[in-house]
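Visitor: Could you take me on a close look at the place where the ligand sits? I'd like to hear what surrounds it.

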Amino acid sequence: MDHFLYRDGALYAEDVPVTEIAAAVGTPFYVYSTATLKRHFQLFDDALAWGDHLVCFAMKSASNQAIIKLLGDAGAGMDVVSGGEYLRAKAAGIPGERIVFSGVGKTADEMRMALEGGIRQFNVESEPEMIVLDQVAQSLGVVAPITVRVNPDVDAKTHAKIATGKSENKFGIPISRARDVYAMAAKMPGLKVIGIDVHIGSQLTELAPFEAAYRKVAELTETLRADGHEITRLDLGGGLGIPYSRSNEAPPLPTDYGDLIKRTVGHLGCEIEIEPGRLISGNAGLMVSKVIYVKSGEDRDFLILDGAMNDLIRPAMYDAYHDIVPVIEPQPGAEPAKYDIVGPVCESGDTFAKGRVMPAVMPDDLVAFRSAGAYGAVMSSEYNSRPLIPEVLVDGDQFAVIRARPTYEEMIARDTLPEWLV
Ligand SMILES: *Cc1c(COP(=O)(O)O)cnc(C)c1O
């Protein structure tokens, strides 16, 4: 559920008409709902209320300072996957003890940054990484708290580009080798083993793969404890899917997910961490775009928008579906039209939808892409020299620009000429 509803014939973001934001900032733009972000965080927090836990928002899904700050104020921790995300979390006021560092390719510099600035734990993904982290921690005279990310070899049944828990994926260490790797970690003076980490993929639409993975984690916890390791924390990753199409998908609810966690690992007495991204931010954002042309082709009509694949790459990259709706509510019974919905970028891949049936729209009409809050703005680029589009945050009846659109001059001024060309 979100807070983008039609009211008096027009789409609102909470209590603000989307047309009002468009008039203020121009199109295309992203707009996020504070109430939706808070509500989704709260659903997870409540689902784990049966025990000691921390919900760490996966910042890679949406990393604007304002979003991080409001979730942090609500009590969220952060899951970061780069030094840049770590610094963004710190800049938004998140204390180090609420920041978890994930990712397969942490550099020594990033490790140093986190150890100096404060970190809850590193989720280590390989032996070579473990060796480097041990050295960095020793050189600073500190001990790095770690979990080891295990790869449970579970099929998440999701898009190949966002499945991470099969043995062929680059993530984690095979669960079959976990005992050896933990034994190695226990001997390293710069590391303190505190738990186990697992994350099997994104946009999971059923609970069964989580259940399979968490049962393996429970079994491993017992084994490692028997080997003498203190396992007090389980990081169970993110990945719960959201409905992108309102009609036919009903992904599992956070409450059922929380019950599943309790059922599979609750008896172990561990502190539970989860790292949801998409389910918190996905349905909390729209991308709003304007129709430039309606072009009749040989056998189809094209809706050409001012938003493009550089602004929202999910359809081009993952064949992702987004609901695309007119900002002015269509009259009941209005004739639907069928369009290929595209952007102005010079690539055929710049297609948001093919043969989409939707209410007919005209040039200058606004359309909204639903469920664009996760992996939207963060994956945008300036391809075709299209300046990054602004982000706007709504809270009740107020709204503010939380990242401004750069001017053409600012965009161009980021390049510099070498002196021999001046
Ligand atoms: C991407 C990622 C997440 C978040 O995944 P969502 O599907 O957005 O919930 C969590 N943890 C790790 C390690 C990730 O790479």
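Guide: Here is a walk around the ligand and its surroundings. Keep in mind that this is a predicted model, where local features need pLDDT of at least 70, side-chain atom pairs count only at pLDDT 80 or more, and totals for chains, interfaces and linings use all residues. Residues are numbered from 1 along each chain as its sequence is written, and side-chain values use heavy atoms, with hydrogens and water left out.

So, where is the ligand? It sits in the largest pocket. A pocket, on a 1 Å grid over the protein atoms alone, is an open set of points where a 1.4 Å probe fits, with protein on both sides within 12 Å along at least five of seven lines; lining residues have an atom within 4 Å of a point. "Sits in" means that more than half of the molecule's atoms lie within 2 Å of the grid points.

There are 15 residues around the ligand, and Lys-60, Ser-202, Glu-275, Arg-278 and Tyr-375 come nearest (a residue counts as near if one of its heavy atoms lies within 4 Å). By class, that shell has three nonpolar, seven polar and five charged residues; Asp, Glu, Lys and Arg count as charged, and Gly is among the polar ones.

Now for some polar contacts, meaning pairs of N or O atoms within 3.5 Å. Glu-275 has a polar side-chain atom 2.5 Å from a ligand nitrogen, and Tyr-375 has one 2.6 Å from a ligand oxygen. Gly-277 uses a backbone N or O atom instead, 2.9 Å from a ligand oxygen. Taken alone, the ligand exposes 390 Å², and the protein buries 94% of that (Shrake-Rupley method, 1.4 Å probe).

The unreviewed UniProt entry annotates a "binding site" covering Gly-239, Glu-275, Pro-276, Gly-277, Arg-278 and Tyr-375, though such annotations may be inferred rather than shown by experiment. The largest pocket's lining includes Gly-239, Glu-275, Pro-276, Gly-277, Arg-278 and Tyr-375.

How values were computed
A polar contact is a pair of N or O atoms within 3.5 Å; within protein, one must be able to donate a hydrogen and the other to accept it, and residues adjacent in sequence count only if both atoms are side-chain atoms.
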